[in-house]
Amino acid sequence: MAVKQRPRTNSERLKERYPLLWNLALIAAIIFVMAVAAHLLMQLGTRHGSRCRVPDFSGIRLHEAQRIARKNGLEIRVNDSLFVPVYEGGIVLDQLPEGGVEVKPGRTIYITINAFREKMVPVPYVAGRSLRQAKNMLEIAGLEIAELIYRPDIATNYVLEEFCGKEQVTEDSNLEAAVGSGVTLHVGVQYGNNSTVVPSLVGFSLREAKSRLWELGLNVGRVEFDAGINLLNQRDAGVYIQTPVSERTVVLGSRVDLRLTLDRKKIDDKISEAERVAEAAAAERLRLALERADSLEASALREEAAESSAAATDGGYRYNRDNEGFFD
């Protein structure tokens, strides 16, 4: 008994008639299905469209912040720590992103917490080094310069003595100081080489401005902040007023007062103004230098002329004296 064959479908006839086109179409279909599946999995993994509001963690303890973060599908990571005596240790001081911002679940929130105590660091021995080397060593150690005191010495801008508080730092001392505290340096200055030029500090952060002043042998004077600046956002503030202004010639060890703001527009406006003032000050300094050079040159010429005149007079006197009665 003959078995009746099933009639072939259109797809089977196409596959048999155009095998290459059939395989290409099959590959294209597989790639399309895989792309759709990957897109759906990605949407699922990133929770597309799902948002949550970041809680405000400031003022609460770290373990409580972590509990609240887990409850909201977020992660907490301690990014930095500060020591602010008015707050308890372990309290959240700052966070990024800020509270109230909408983010995707699973987002990491970076926080700054208050340290339980001040971090102490060894005070490096910098006596005998140049002021620039000493400044760099102190900054690397996490310290700064409290004051530069200049004393007459042939070694200009070299550290003669170093004090941490009232105690002198020696090569054998093992002193420690709180991070950010200052060290007093006694620096040498040779007679006639005791002046420097005030740098332009507008737009600099407080840390950058201090470093630049110390490098040039100047002290930091009064530091004032606009309203709204605190220990947490101080690093984002910039100098917009400095006294004296840049390009002024001052004595080594002079103080420069600073005022800082968080208002970037105010800083930008003051930068333009500071540039004009600096150009005028530089021109005035050049004019005085040229006048001084001309005065010294004129004085030298007068001295030279006086010496020549004295020599000529003295020479004529000797000639007349030596030849006295020659024509008699």
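Q: Which strand does R77 lie in?
A: This is a predicted model, where local features need pLDDT of at least 70, side-chain atom pairs count only at pLDDT 80 or more, and totals for chains, interfaces and linings use all residues. Residues are numbered from 1 along each chain as its sequence is written, and side-chain values use heavy atoms, with hydrogens and water left out. Strands here are DSSP runs of E, at least two residues, and helices are runs of H or I, at least four residues, both numbered from the N terminus. Look at residues 75-82 and you'll find R77, in strand β2.

Q: Is T156 buried or exposed?
A: T156 sits in the loop between β7 (144-152) and β8 (159-164). Buried means under 20% relative accessible area, exposed over 50%, and partly exposed in between (1.4 Å probe, protein chains only). Since its relative accessible area is 18%, T156 is buried.

Q: Which residues is R77 in contact with, leaving aside its neighbours within four places in sequence?
A: Contact means heavy atoms within 4.5 Å. I109 is 32 residues away from R77 along the chain, yet their C-alpha atoms are separated by 6.2 Å. With those sequence neighbours set aside, R77's contacts are T108, I109, Y110 and I111.

Q: Which are the edge strands of the open sheet of 3 strands?
A: Two strands pair if DSSP finds at least two bridges between them. This open sheet has the order β2-β5-β3, with mixed pairing. Pairing on one side only marks out its edge strands, β2 and β3 (92-96).
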